[in-house]
Amino acid sequence: MRITGISTHVVGTPWRNLTYVQVHTDEGLTGVGETRMLGRTDALVGYLREAEVNHIAGSDPFAIEDLVRRMKYGDFGRAGEIVMSGIACVETACWDIKGKALGVPVWQLLGGAVTDRVKAYANGWYTTERTPEAYHEAARRVVERGYRALKIDPFGAGRLELDHAESRYAVSLIEAVRDAVGDETELMLEMHGRFSPATAVRLAREMAPFRPAWLEEPVPPENLKALAKVAGRVDVPVATGERIHDRIEFRELFESQAADIVQPDVGHVGGILETRKLAATAETHYVLLAPHNVGGPVLTAASLHVGFSTPNFKVLEHFNDFADAEIKKVVKGAPEVVDGYFTRSEAPGLGVELDTDAAAEFPQQRAHFDLWADGWEKRNPDD
């Protein structure tokens, strides 16, 4: 079997474009992969067009390691977000082809299942007025849908510092959310890499009465010593990693022991096997895996196949019940959350199929997401 070519389909929303890549073969099997870019979709599509000629066409879709190696190193330049995201799309599609050809789900090819369900946590649910009352009502609806975990960034557009009034307001939002979801629901606290170590530590302590499940990206991701400074002064587990695009770059993070949970994005870190390798390294450092997942149903499915086969997999992020929920219709067999969990699929490959006609109903947009701007949490740049 050989790859004959690829086709790309961009599904647009006001704040994000989702790029789907179909990999076609000479035996009629087609696989699909996905990633989400912010402000770099055209660059990604351009890279894939070149990679198709230089690396992809004519390759054996079963020889995934070889294809990834050639795409990553065969152009000599250091692979960053765009290249690793392009690799992820193609790599994921090859796993889909391999599973279909062999008649087994991808998780079976990764060593078999270690669980029959993966816990989900909700994100994108607080696209409402930034008030305690509105957040209370929105959080209550999340729990009514069966979720027992959700994430929130209550900090507005703060950067490095957060003044007293805004800090107290953020506390009031978290207090309202905790009241709405009860004591048994996990509440992940997102900081989006905004703060200085001192500010992050202070805010973590102010939020401590509401028992955050983790503190996510408390400081900008470039400085691991700053992250370690925070981790050494808080009692909350620290999570990070969504903006690291090469599993090799996680090495220093593990050595620093500054993170309790790593959050690679399957669509940015090179795909399914790269994430599974990273999970194995994390396990040797007693670190849990909770992938960043802001994509659509294909990226969710890919992340789940990692989850079903990974012993140290904690939980999976899910946007598609809340922000832009209508995009679920672009994929047949989209994973669904029932009573707070995704259930393991036995379908071959990824278990999902891209509906290109439905995808065409969501043309590429000038998607823009600036979380330094007031009102970013609504994810509507026109507001």
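The model is a predicted one, in which local features need pLDDT of at least 70 and side-chain atom pairs count only at pLDDT 80 or more, while totals for chains, interfaces and linings use all residues. Residues are numbered from 1 along each chain as its sequence is written, and side-chain values use heavy atoms, with hydrogens and water left out.

**First stop: the sheet**

Select residues 17-25, which make up strand 2, together with strand 1 (3-12) and strand 3 (30-37). Strands are DSSP runs of E with at least two residues, helices are runs of H or I with at least four, and both are numbered from the N terminus. The three strands form an open, antiparallel sheet in the order 1-2-3; two strands pair if DSSP finds at least two bridges between them. Strand 1 and strand 3 each have a single partner strand, so one side of each is left without a neighbour in the sheet. On average, neighbouring strands here are turned by 20° against each other, direction ignored.

Next, display strand 1 with strand 2: they form a hairpin with four residues between them, and nine bridges join them. Thr8 stands opposite Val21 in strand 2, and Val11 has Leu18 as its bridge partner. Seven of the ten residues of strand 1 are buried, that is, under 20% relative accessible area with a 1.4 Å probe and protein chains only (exposed is over 50%, partly exposed in between).

**Second stop: a helix across the strands**

Select residues 297-308. This is helix 11, which lies across strand 2 and strand 3 and runs at about 105° to strand 3. Axes are lines fitted to C-alpha atoms, for helices over the stretch in contact (heavy atoms within 4.5 Å), and angles run from 0 to 180 degrees between N-to-C directions.

The structure holds eleven aromatic pairs. Rings of Phe, Tyr and Trp (its six-membered ring) pair if their centres lie within 6.5 Å; planes under 30 degrees apart are stacked, over 60 edge-to-face, and the rest tilted. Select Trp125 and Tyr135, an edge-to-face pair at 6.2 Å centre to centre with 65° between the planes. Trp125 is in the loop between strand 4 (117-122) and helix 5 (132-144), and Tyr135 is in helix 5. Both Trp125 and Tyr135 are buried.
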